[in-house]
Amino acid sequence: MSNSAALASSSRSPVAVFLAFSLVWLSSHVLAAGHPDYTDALTKSLLFFQGQRSGRLPADQAVKWRSNSAMSDGSAANVDLTGGYYDGGDNVKFNFPTAFTTTMLSWSIIEYGGRMEGRVHDARAAVRWATDYLLKAAKTTPGKLYVGVGDADADHRCWERPEDMDTPRNVYEVSASAPGSDVAGETAAALAAASLVFKAADPDYSRRLVAAARDVMAFAWQHQGKYSDHVGGGVSNYYPSYSGYKGDELLWGSAWLLWATKNSSYLNDLISLGANDGVDMFSWDNKLAGARVLLSRRALLDGDKRLEPFTRQAEEFICRVLPKSSSPSSTTPYTPGGLMHRSGNANLQYVASASFLLTTYAKYMAVSNHAFSCQNLPVTYKSLRALAKRQVDYVLGDNPLGMSYMVGYGARSPQRIHHRASSMPSMAAHPAHIGCQEGFQSYLYASGPNPNVHTGAIVGGPDQNDAFPDDRADYARSEPTTYTNAPLVGCLAYFAGSYKKEKKETNQGLTLVGIYL
């Protein structure tokens, strides 16, 4: 029964009505104080990906302010490279971060799909929009892997809707003569991880994905090199491979293919790499921490002792991420409000990815009854979950500003995100073409809120002092990216399944009860 129905009921006295209303208000606010509405946040975090789509949009497209865009992508190389995602607030398709996004969305579904309930369909759809495009990139031309579309430098000199885009749509590729083991290894990881997502839901598609993953991984090993050393068009200015490829993408791709194929040759490959570097972050560039946590799954849950060194390395990463009060070896700064702060540029991507690894390693620890120590301080799965929850709750509004950093979630969230399509009127509202330079003064530097609410978009986040200006021109803090949302999907799914709402109707009125599972 709704509040309005309770107030309209003629069978209750004014006192009873007042008590019922008060109970509803009190119980719902106690629930909100205990934790955010993770289910709502999960739903919105997945909707975000629809706003990032490139290509021909489907009939069931829910984000109506977007329209078809980049319909000739690939034509510069006489191939079809339509589809995929724009990685952030611009109109370029960078396959390196897109593949990482796909891998993390897939891992989120693999680990926590059972907690997504009806939203798992949306999560799979988000993965498939990426993998359909990555399959084109991997399989269209033998001996080549296409790794991006668009001229990043030209694109950044314009502020225009993707539907109006008239900047060059150059096509970038790696090959035997211009290798890119990093982007190939990540693409193989994405395809292999996605094959597990669709193994039961669409077996034929799953087989296509894993077959392509095998081929791309073989290419990564056979033709070694950094893609940003060979790909032009300004790509190396935006997503260069700082970490190289031998330590992380070859390890990461082999780890996912080991899981997807059960072929022990991938185990031999990844052990041969001898990747021993210490790390304290996990991102689209450096996959070492993620690969080590992934391999720890097999060590802890399946008892594979050959992978125990990766478990120790995963725990070393965690000890570097925990606050100083919990780990003497911590190298991770925290804001006064309790947020991890790795970078002044798009910091929440590191928060989201680290929180996913904490949540997932805690799962492996709980199932295997495992614990470890950071020097002399014990670490339990409960402490890792508590830290991950603290980070997620901060993102959703439990912070000094009382602001959610997910657009459209909570009472207060960013209004002026650095995002071309969101900041400009939709094609339905303004059918006429908006030129490259016209967009800057009219829209980028406009003081009002974005006309299109990009629901679910997680921005770069606050600075090291918990301050956030909500300034559209401040891309470091106001731009959303697919690779920030993707790992947070897994965290939100876990917490949505752990903290549920039950509605209980009693003679006194409607109450809300929070239940921890």
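This is a predicted model: local features need pLDDT of at least 70, side-chain atom pairs count only at pLDDT 80 or more; totals for chains, interfaces and linings use all residues.
## A helix on the inside

A residue counts as buried when its relative accessible area is under 20%. In α19, 17 of the 17 residues are buried, so the helix is largely enclosed by the rest of the structure.

Where does α19 sit in the chain? Look for residues 482-498. From its first C-alpha to its last, this helix of 17 residues reaches 25 Å, close to the expected 24 Å. There's a kink to look for as well: α19 bends by about 25° at Leu488.

## A pair of strands

Now for some strands. β2 covers residues 144-149, and five bridges join it to β3, with the two running antiparallel.

How many of the five residues of β3 are buried? Four of them are, so this strand (residues 171-175) is largely enclosed by the rest of the structure.

Is Ser422 buried or exposed? Its relative accessible area is 1%, so Ser422 is buried. You'll find this serine in helix α16, which spans residues 420-423. Its side chain makes a polar contact of 2.9 Å with the side chain of Asn450. Leaving out residues up to four places away in sequence, Ser422 touches Trp65, Ile417, Asn450, Pro451, Asn452 and His454.

Val367 tells another story. This valine belongs to helix α14, residues 347-368, and its relative accessibility is 61%, so it counts as exposed.

## The nonpolar cores

In soluble globular proteins, nonpolar side chains tend to be buried together. Here, the largest nonpolar core has 141 residues. Which residues have the most contacts inside it? They are Trp107, Trp256 and Tyr361.

Take Tyr361 as a way in. Setting aside neighbours within four places in sequence, its contacts include Val293, Leu300, Ile318, Phe372 and Leu384. Ser296, Thr311, Glu315 and His370 are also among the residues that Tyr361 is in contact with. There's a second, separate core too, made up of six residues, including Trp159, Ile434, Phe440 and Tyr443.

Definitions and conventions: Residues are numbered from 1 along each chain as its sequence is written. Side-chain values use heavy atoms; hydrogens and water are left out. Helices (H or I, at least four residues) and strands (E, at least two) are DSSP runs, numbered from the N terminus. The expected span of a helix is 1.5 Å times one less than its number of residues. The bend at a residue is the angle between axes fitted to the seven residues ending there and the seven starting there. Buried means under 20% relative accessible area, exposed over 50%, partly exposed in between (1.4 Å probe, protein chains only). Two strands pair if DSSP finds at least two bridges between them. A polar contact is a pair of N or O atoms within 3.5 Å; within protein, one must be able to donate a hydrogen and the other to accept it, and residues adjacent in sequence count only if both atoms are side-chain atoms. Contact means heavy atoms within 4.5 Å. A nonpolar core is a set of buried Ala, Val, Leu, Ile, Met, Phe, Trp, Tyr and Cys residues joined through side-chain atoms within 4.5 Å.
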